Amino acid sequence: MQPKPYDAVLLASFGGPEGQDDVIPFLRNVTRGRGIPDERLEEVSHHYRAFGGVSPINAQNRALKAALEAELAAQGIDLPVYWGNRNWDPYIPATLQRIYDDGHRRVLMVTTSAYSCYSSCRQYREDIGLALTETGLAGRLEVDKVRQYFDHPGFVSPFVEGTTAGLTRVREALGAADGARDGEIRVLFATHSIPTRDAEAAGRSEGEPREFEDGSAYVAQHLANARAIMAAVAPDVAWDLVYQSRSGAPHIPWLEPDINDRLEAIAGEGVKGAVIVPLGFVSDHMEVAWDLDTEALETCRKLGIEAVRVPTPGVHREFVGGLVDLIRERTSQWNLTERPHVTGLGPWYDVCRPGCCENFRGAKPVIAEAGVELGSGHDPYPADTGEGAAAAARPERES
């Protein structure tokens, strides 16, 4: 997509409960349309209950929003940042209405999901499409999104830094800081498991010319990132891609191996140390705090494995700067023409091909897809001299 004079940024995320009373309503939102009774939701709420009903994700998104605002300002980029969630307050429809009411007409969305699959990309595009339709803002507010940034250096660099530090700590714990016992160490790159049907649909679309490793863009992107990180950190240390956070009916196949199962297996192979890299995640939200810091590290303790969990990018300076660069790629006012990527799969698309990452529950309104008009075009800017008019009047310039 050609750069445009955007006048606002939307930080879109998953959302999470902020107290015990929020947990079941939040889980109803997450599972809406699936007919899951509250009794079943209560059974799966234990990880939220264990943290006082508070997911870390909202506080982390507040911090990320503030960091984005600071970095944009530091670079002289006059774009306000709004925040909207899919499943909890502030909800995306209300946020879009607020953006419009504040006088903005052309919005660029950044999501807290880096990879390509239905839940990481298309579902966000559908959420915007549904919100534009439900609020009556379709054709009045224009919304685009930045590319999936799985292999942008700003996302990958913090993992390189964290994996390097993690290996040092594990080596020290094993009493061989010089790497003499590297054969007993395994790096486990962890990401969210998804149904294999969704994995096979990830990146598959009308006209996509490529065949992806393991038949899935989602899997291929993680594998490519893991190889790039290990090439930079420790080419001779063994590693695996593992999955976590499986949910849903047990008869439906999901991506494997589960991280805990893999830990059991490598312990039997003589592995004494593990570096767990949450490669699929932007921040230390509940699925990191519970599935890795609680369950996986407990598995390591039971098996006698010295383990370190690497931080997620969070508000790392490289990550925040990378998000601003992704915004600049798309803006005509502050345009960056380079589109850096650390694997051969990138840079990913600004606009998806038709049907990419298919929704098997049925088609929904969607943005950022070839041939789709929803989310394109907008009302005229307000006649006053407010933020929207000022944004529309800014001269375009090259950086």
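Trainee: What are the ground rules?
Mentor: This model is predicted: local features need pLDDT of at least 70, side-chain atom pairs count only at pLDDT 80 or more, and totals for chains, interfaces and linings use all residues. Residues are numbered from 1 along each chain as its sequence is written, and side-chain values use heavy atoms, with hydrogens and water left out.

Trainee: What makes strand 5 and strand 6 a pair?
Mentor: Two strands pair if DSSP finds at least two bridges between them. Strand 5 (residues 185–192) and strand 6 have 7 bridges, in the parallel sense. So they pair. Strands are DSSP E runs of at least two residues, helices H or I runs of at least four, both numbered from the N terminus.

Trainee: Why are strand 6 and strand 8 called edge strands?
Mentor: The open sheet has 4 strands in the order 6-5-7-8, with parallel pairing. Strand 6 (238–244) and strand 8 (306–309) each pair on one side only.

Trainee: Which residues put helix 4 in contact with helix 13?
Mentor: Contact means heavy atoms within 4.5 Å. Leu64, Ala67, Leu68, Glu71 and Leu72 in helix 4 meet Phe319, Val320, Gly321, Leu323 and Val324 in helix 13.

Trainee: Why is the pair of Tyr115 and Tyr218 called edge-to-face?
Mentor: Rings of Phe, Tyr and Trp (its six-membered ring) pair if their centres lie within 6.5 Å; planes under 30 degrees apart are stacked, over 60 edge-to-face, the rest tilted. Tyr115 and Tyr218 lie 6.4 Å centre to centre, with 75° between the planes. So the pair is edge-to-face. Tyr115 lies in the loop between strand 3 (106–111) and helix 6 and Tyr218 in helix 9, so the pair ties together parts 103 residues apart in sequence.

Trainee: What makes the pair of Tyr149 and Phe319 tilted?
Mentor: The centres are 6.1 Å apart and the planes make 50°. That angle is neither stacked nor edge-to-face, so the pair is tilted.

Trainee: How do you know that helix 6 is mostly covered?
Mentor: Buried means under 20% relative accessible area, exposed over 50%, partly exposed in between (1.4 Å probe, protein chains only). In helix 6 (residues 118–135), 13 of 18 residues are buried. Tyr149 and Phe319 are buried too.
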